[in-house]
Amino acid sequence: MTRDLSPATPAQVGLAPAGLAAIDAYLQGLVDKGVLAGLVTLTARHGKVARVSTIGRKDLATGQPMAADTMFRIFSMTKPVTAVAMMILHDQGLWSPDDPIAKHLPEFADVKVFGGMDAAGAVTLHEPDHAPTLRELLTHTAGLIYGRVPMDGLETLYEAADIWRSADLAEMAAKLGGLPLAYQPGTKWIYSLAMDVQGAIIERLSGQSLPDFMRERIFEPLGMIDTAFHTPPDKKPRLATLYRSSVSRGLVPLAANPLLPDHAAPPALASGGGGLISTVGDYARFAQMLLNGGEFAGERIVSGEGLKLMMTNQLSDQMLAQGWGVGKQQIRPGFGYGFNGVVFTDPEAAGIPVGLGTYHWDGAAGTWFWVDPAHDLIFVGMVQLLSETAPALQATTQTLMADAILQEAAA
């Protein structure tokens, strides 16, 4: 069977139609209750698309419905794409996981570890036990943070450095290299700007801008025609409205993206941690490439060995037991972390009925996806809601998908 995402019926790929309808019913219920404006989802198994669902509205004010080609800010679902870009360069022998970050970004050569700040603003610094490595950078364990939440005063140093006003990724990396690490490398898992630093490394090693590298090495070969760090003016009408939740007002449209600028042309400061725009069909091609071991429709993007490394848990059992996490992604026994994404090492222990080795991540506006090698399945969900109280879309749809597989197997 070809694995090019051509259409198939659910039964042809071992999924119960009623089971997939239950996923749609759950999501439609959230739209009906006013929790979400609308969604687009895609389910594929054995390399065939079993269902594409468009639910609700792209924009509530105009009533424009969601469509299969609606475009979404995928925020942190950019991170797995950045991991693949890194693995392409790994295939070329340009870096190794145990390389110090400073080998590729000398700006990190003299990095120190934050030891606290007194009332007068004086900072205590310590020497790192070891130089932070690329493996740690790819797993949020290198000592970086986002600098957006209080952390004993370290966040004020991030604010003073004005990280997001950098002219480009090289300047951002230089600023971060001049700031202290939040903790000794390898001792904690804290969500961070690590993937943006990876973007700087990709530019340094490839000699290309991050947008150009991803376009030439990933998007164009995969046929991801609508995925980029910007939305061209002719495509802007297809971009879904971004909403936030308000207790008193329900879904409130945002006139501007509060996390990252919406760009009309490729930006000089392209966020490898959260800057991409995409569609459900485009991202499904990326996800299927992961499931296919690095190739799609005759195009080899990355080696199978590279993907295996990327989609293998890199955290120790001790680290998993510490309970680090962000949002709905709570690291725990059975729920580990590879390069730029979660890896299930024991689904039963993790409490979610996916297959062993499932790789997944999500985005700040609620987008989510997973790649399940054990069940030869991918799922992509697109939505535009910034909310700290959003429903657990990923875990719930993963549970319902397990039912769809079991129902068809028992039929």
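# A tour of the predicted model

Start at the hairpin formed by β6 and β7: 5 residues lie between the two strands, and G121 in the turn has a positive phi of about 90°. This is a predicted model, so keep that in mind at each stop.

Select residues 113-117 for strand β6 and residues 123-126 for strand β7. The two strands run antiparallel and are joined by 4 bridges. Show F114 next, and look across to β7 for the residue opposite, L125.

**The aromatic rings**

Now turn on the rings of the aromatic residues. How many aromatic pairs are there? The count comes to 11. Pick out W189 and Y337, which form an edge-to-face pair, with 5.4 Å centre to centre and 75° between the planes. These two residues come from distant parts of the chain, 148 residues apart. W189 sits in the loop between α6 (169-177) and α7 (194-206), while Y337 belongs to strand β15 (residues 335-337).

Is W189 buried or exposed? W189 has a relative accessible area of 1%, under the 20% cut-off, and is therefore buried. Y337 is buried too, because its relative accessibility is 0%.

**F335 and its partners**

Which arrangement do the rings of F335 and F344 have? Their centres are 5.0 Å apart and their planes meet at 85°, so the pair is edge-to-face; the cut-off for that label is over 60 degrees. F335 counts as buried at 1% relative accessibility, and F344 counts as buried at 1% as well.

Keep F335 on screen and select R332. R332 lies over the face of the F335 ring, at 4.2 Å from the ring centre.

Why does Q398 count as buried? Its relative accessibility is 1%, and the limit for buried is under 20%.

How values were computed. Residues are numbered from 1 along each chain as its sequence is written. This is a predicted model: local features need pLDDT of at least 70, side-chain atom pairs count only at pLDDT 80 or more; totals for chains, interfaces and linings use all residues. Side-chain values use heavy atoms; hydrogens and water are left out. Buried means under 20% relative accessible area, exposed over 50%, partly exposed in between (1.4 Å probe, protein chains only). Two strands pair if DSSP finds at least two bridges between them. Rings of Phe, Tyr and Trp (its six-membered ring) pair if their centres lie within 6.5 Å; planes under 30 degrees apart count as stacked, over 60 as edge-to-face and the rest as tilted. A charge sits over a ring if NZ of Lys or CZ of Arg is within 6 Å of the ring centre and within 35 degrees of the ring normal.
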